[in-house]
Amino acid sequence: MNNAITDKTVHTISVYVANKPGVLARIAQVFARRGFNIDSLVVSPSVDGRYSRMTIASQGSVQGLEQIILQVSKLVDVMHCVDHILDESIVREMALAKLRLTSEQRTEALQICEHFGCKTVDLTPTAMTVMVTGHSDKLDACIDMLRQFEIIELVRTGKVVMARGDKVT
Amino acid sequence: MSEKKMTGAEALVRCLENEGVEYIFGLSGGAALPILDALVGSTIKLVLVRHEQGATHMADGYARATGRPGVVLVTSGPGATNTITGIMTAHMDSVPMVVITGQTISTMLGKDAFQEADVFGLTMPVVKHSYLIKSTAEIPRVFREAFFITNSGRPGPVLIDVPKDYSAGEFSGDLYPEMELPGYHPDAGEPDLAVVMQIAEALSKSRRPVILAGHGALIAGAETALRTLAEKLQAPVTNTLLGKGAFPESHPLSLGMPGMHGTAYANKALVECDLVMSVGSRFDDRIIGKASRFCRDAVKIHIDIDPAEFGRMIACDHYCKGDAKRVLERLLEHVGELNTKPWLATLDGYKRRYPLTYKKRGGLKMQQILDTLNTMTSGDAIIVTDVGQHQMWAAQFCKTEKPNTWLSSGGAGTMGYGFPAGIGAAFGKPKTPIWVIAGDGGFQMTMCELATAAINKIPVKVIVMNNRYLGMVRQWQTMFYDDRKSGVDLEGNPDFAKLAEAFPGGRGFTLKRAGDIRKVLEKAMAYNDGPCVINAIVEKAENVFPMIPAGAPLEGMLISEPKPDQKLEKPTGST
């Protein structure tokens, strides 16, 4: 987090919005119009069901993203929009990886899984599906290790973020 | 509560009446039938236009002239898509407007029903907010919110898409519900005093200040505060195209409009100033030229109600979020007169050396017509322009003295805007003379509204600056593309005077000689039974100066026609 922010740095942007149709489209449009890609996106209802929480990961010029955050904040259905790149927020992500494994490979795969605290959520004679959770960097490292086996499918949820202590996300 | 059973559309019309709506500019269609029916017997007058784009520009002109939101009603599909240009025009220039679009019945949504278009989706990037009605009961809340949103904070258009089954359906619910807008906080509140003090401090050190007044100053009604401040500081004021009227252009401290076709003295002031303070301007690319070179050595101050404008075009030293009027009133309490005498003397020198001028010899010139019109109306008329060369000359020669008397499509640069906007302004300000300045290109885009003006006996006076060219593009081709003309020749124009006469109550005049300008304008002024069109056959190939080629710094201003052998680089800026 203390590294210099570059155009390649992934920003984690939290948006608190009214739980209404069209809100996601409005926000996505603010990104798309400026040529920014949304790397990952998580939307879920908040404690108060009238609102939703979005966590958006995106990268690009800092100036461009600052503009995007200001424009998103302006939308009538947006309560607030915060870039959590500089604060020490809790960031978590989950991934499911389906591996094609022979019985000989299985032990080694399980060792890697144990190291990263993965859970095996499905096991068949030819395949094993594991779940890994944690910071995105950890997921990257785990998936890199699992690549020595054949990964048939991989699904990542995208980051979710929450501010620490009493701070508002 | 509802005393008798009414339809959704009747509730809708009741809501509009409650909002004080006088006029709806619209065009009928199947999906709007229940609303059209509910308007029978209403106090609201439905102004039937000839094309939906015209309806939006009329609503826009009405809003800019009165400060009240303009209202548009159209049907679904093509009716709705025809409004997009007008909505975008209003959005770019922060104009309050409520656009009601009929929609197919809710159960047919997304099935490519007849005349169905995803208007909610299509208009999303060009509205301040939009609604797709999902029950009859929510109509009153949505309309209340829409009228609140459109004209609060930084104004902008709001669209409401109304499926026909909800407008036709039986209404049950509350006609006066609470708004539900937890994320919308348009009141900028009191400006941050610490920032105001920093600005006052920066001003106190300035010897060469310039105030840049934009549309935000007009929307906030800050003209008195601005004038008091400028006079107290003894600081010159330049106003943007949309800021015309925020500060009287006949005032000794006025520099007129800056930017691409602004006055030489306003641009020179921006080049040489040691402080520039924007009051409700967004530092548009037409004004700043090359962003990195704009007022490089000056302290830059940005006052705006919309913080999303801060740092968008240029980085400033001080940002003050707030309503322009409130900020200026606070600022007034903390500033005194500055020592600007040498600065004002320098600028007066520039005004004498580089006045706005044109050659009176040769053929009929737009500049001379506008100069004469300015003398004859002396700031008491509403001037509405279209987009192009005539617009820039009108901005230069028609001095704007009062707020809301200059209507022009700035951000969008929408050709076809002027004439319908003038009709809308006439509905809003029936006692004020309305002059529309249009080019022969732009007028032909929306001239079908002659019927609307004629039937409603709107005494709008249109000067069609007829040079048989799309003149501004022709100017660029002449200057930067070796005069290789492409797609600019308007040979085949109709006789615009005869055209006007073809409508009941329409009157046409032809103006060919400079000596007749005053006579023809007087005739038009005296005719108030309907629209009149002056077909002004002007010189074909005049160029607008001063000019800063797009993307060049303000220092790159061409004050007058370059020498014939001077080769100009193609501009690098947007357009």
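Residues are numbered from 1 along each chain as its sequence is written, and chains are lettered from A, with ligands numbered from 1, in the order in which they are written. Because the model is predicted, local features need pLDDT of at least 70 and side-chain atom pairs count only at pLDDT 80 or more, while totals for chains, interfaces and linings use all residues.

Chain A contains four helices and nine strands; helices (H or I, at least four residues) and strands (E, at least two) are DSSP runs, numbered from the N terminus. Along the sequence these elements follow the pattern β-α-β-β-α-β-β-α-β-β-α-β-β. The C-alpha trace of chain A spans about 55 × 35 × 35 Å along its principal axes. Of the 169 residues in chain A, 27% are buried. A residue is buried if 20 or more other C-beta atoms lie within 10 Å of its own, exposed if 12 or fewer, and partly exposed in between, with C-beta atoms placed from the backbone.

Two residues are in contact if their C-beta atoms, placed from the backbone, lie within 7 Å. Among the contacts in chain A with a separation of 6 or more, 72% are between residues 24 or more positions apart. Between the chains, 14 residues of chain A are in contact with 13 residues of chain B. The side of chain B that touches chain A has nine nonpolar, three polar and one charged residues. In this classification Ala, Val, Leu, Ile, Met, Phe, Trp, Tyr, Cys and Pro count as nonpolar, Asp, Glu, Lys and Arg as charged, and the others, Gly among them, as polar.

**Nonpolar cores**

A nonpolar core is a set of buried Ala, Val, Leu, Ile, Met, Phe, Trp, Tyr and Cys residues joined through C-beta atoms within 7 Å. The largest such core has 190 residues, of which B:Leu226, B:Val279 and B:Ile534 touch the most other members. Beyond residues up to four places away in sequence, the contacts of B:Val279 include B:Ile211, B:Leu226, B:Ile303 and B:Leu328. A second, separate core of 13 residues includes A:Ala95, A:Ala109, A:Met128 and A:Val132.

Axes are lines fitted to C-alpha atoms, for helices over the stretch in contact, and angles run from 0 to 180 degrees between N-to-C directions.

| Helix pair | Axis distance | Angle |
|---|---|---|
| α3(B) (52–66) and α18(B) (418–428) | within 6 Å | roughly 50° |
| α3(B) (52–66) and α5(B) (84–92) | 7 Å | about 25° |
| α11(B) (223–233) and α14(B) (324–332) | within 9 Å | roughly 30° |

Angles under 35 degrees count as roughly parallel, over 145 as roughly antiparallel, 65 to 115 as roughly perpendicular and the rest as oblique. Helices α3(B) and α18(B) are therefore oblique to each other. Their contact has nine nonpolar, seven polar and one charged residues. By contrast, α3(B) is roughly parallel to α5(B). Here B:Gln53, B:Thr56, B:His57 and B:Asp60 of α3(B) meet B:Thr85, B:Gly86, B:Ile87, B:Thr89 and B:Ala90 of α5(B). This contact of α3(B) with α5(B) has two nonpolar, six polar and one charged residues.

Helices α11(B) and α14(B) are likewise roughly parallel to each other. The residues of their contact divide into six nonpolar, one polar and three charged.

Helix α12 (residues 264–272) of chain B is mostly covered, with eight of its nine residues buried. The buried residues of α12(B) pack against β9 (209–213), β10 (237–239), β11 (254–256), β12 (275–279) and α15 (341–353) of chain B.

**Individual residues of chain B**

B:Glu17 belongs to helix α1 (residues 8–18) and counts as partly exposed, with 13 C-beta neighbours inside 10 Å. Leaving aside residues up to four places away in sequence, B:Glu17 touches B:Ser42, B:Thr43 and B:Ile44. The C-alpha atoms of B:Glu17 and B:Ser42 are separated by 8.0 Å, although the two residues are 25 residues apart along the chain.

Two residues other than glycine have a positive phi: near 60° for B:Asn404 and near 50° for B:Asp482. B:Asn404 lies in the loop between α17 (389–397) and β16 (406–407) and is buried, with 21 other C-beta atoms within 10 Å. B:Asp482 is placed in the loop between α21 (471–480) and α22 (496–501) and counts as exposed, with 9 C-beta neighbours inside 10 Å.

Finally, B:Phe545 and B:Pro546 are joined by a cis peptide bond with omega about -5°. B:Pro546 is in the segment after β20 (532–537) of chain B.
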